[in-house]
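This report covers one protein chain, from its overall layout down to single residues. The sequence and structure come next.

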Amino acid sequence: MSEEAKSEERIWILITPDKCSGCRLCEVACSLEHEGIIWPEASRIRIYELLPGVNVPHTCVQCPDYPCVNACNFGALGVDENTGAVLVNEEKCTECGACVLACPGKVPRIPAGKGSVVICDLCGGSPKCVEVCHEAGHDALTLVRGNYRSIYRTFAKEPVEKSMSLTRKMYGEDFLR
């Protein structure tokens, strides 16, 4: 398969924050899938509520230029050939934080006691967070297949910036002045 064809067949999670109820079932499903326990701090998706009622799901958008992978000097981060998701080799991770600094959305996190960074790996192509969000009837998370190169940076933003944008959308431009 050519490189161009691969980029067109990528998968990613589209987030529609104004549909998020703040239930945090996505965090629970993710931590159960990856850690085997309910541990929201180690979830690869997080819900930020910087203002009451303004819930912003935040996870990796799998940037096509992979700044986090390129920043890792220890070979701890790679890319899944089938999904395009960032993969973490926990044995190689030194918790240096270079990937966190390189990420335009500050998505990677190093939970206390984990021993490595956590980044969304799309659950091998069937993200549990998307499933549980749909089952709960919110559909704030949607699995998208296709070429997203032209719009991915729209979503690769820090939680505070996303929260302010959603707050303006919900309450008007003058609300935050």
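## Layout of the chain

From the N terminus on, the elements run α-β-α-β-β-α-β-β-α-α-β-α-α, which comes to seven helices and six strands. Helices (H or I, at least four residues) and strands (E, at least two) are DSSP runs numbered from the N terminus. Residues are numbered from 1 along each chain as its sequence is written. The model is predicted, so local features need pLDDT of at least 70 and side-chain atom pairs count only at pLDDT 80 or more, while totals for chains, interfaces and linings use all residues; side-chain values use heavy atoms, with hydrogens and water left out.

Of the 177 residues in the protein chain, 44% are buried (under 20% relative accessible area, with exposed over 50% and partly exposed in between; 1.4 Å probe, protein chains only). The chain exposes about 9100 Å², and carbon and sulfur atoms supply 51% of that area (Shrake-Rupley method, 1.4 Å probe; for residues, only the protein chains shown count as cover). Among contacts (heavy atoms within 4.5 Å) between residues at least 6 apart in sequence, 65% join residues at least 24 apart.

## The nonpolar core

The largest nonpolar core has 32 residues, of which Ile-13, Leu-77, Val-86 and Leu-141 touch the most other members. Such a core is a set of buried Ala, Val, Leu, Ile, Met, Phe, Trp, Tyr and Cys residues joined through side-chain atoms within 4.5 Å. Strand 1 (11-15), helix 2, helix 3 (67-71) and helix 5 each give two or more residues to this core. The largest share, four residues, comes from helix 5. Beyond four places in sequence, the residues that Ile-13 touches include Thr-59, Cys-120, Val-130 and Leu-141.

In helix 2 (residues 25-35), the buried residues are Cys-26, Glu-27, Ala-29, Cys-30 and Ser-31. Strand 2, helix 5 and strand 6 are among the elements that cover them. After helix 2 comes Gly-36, with a positive phi near 80 degrees.

Strand 2 (residues 46-51) and strand 3 (residues 54-58) run antiparallel and are joined by four bridges; two strands pair if DSSP finds at least two bridges between them. Ile-47 stands opposite Pro-57 in strand 3. The hairpin has two residues between the strands, and Gly-53 takes a positive phi near 85 degrees.

## Two loop residues

Lys-114 sits in the loop between helix 4 (98-102) and helix 5 (128-135). Lys-114 counts as buried because its relative accessibility is 15%. Its side chain makes a polar contact with the side chain of Glu-35 at 3.1 Å (a pair of N or O atoms within 3.5 Å; within protein, one must be able to donate a hydrogen and the other to accept it, and residues adjacent in sequence count only if both atoms are side-chain atoms). Leaving aside neighbours within four places in sequence, Lys-114 is also in contact with Trp-39, Arg-44 and Glu-90.

Ala-140 lies in the loop between helix 5 and strand 6 (141-145) and is buried, at 1% relative accessible area. Its C-alpha atom is 6.0 Å from that of Pro-17, although the two residues are 123 apart along the chain.

## Cysteines

How many disulfides are found in the whole structure? The search finds zero, a disulfide being a pair of cysteine sulfur atoms within 2.5 Å. For Cys-63, the closest cysteine sulfur is in Cys-103, 6.0 Å away and therefore too far for a bond. Cys-123 is in no disulfide either, with the nearest cysteine sulfur, that of Cys-30, at 5.9 Å.
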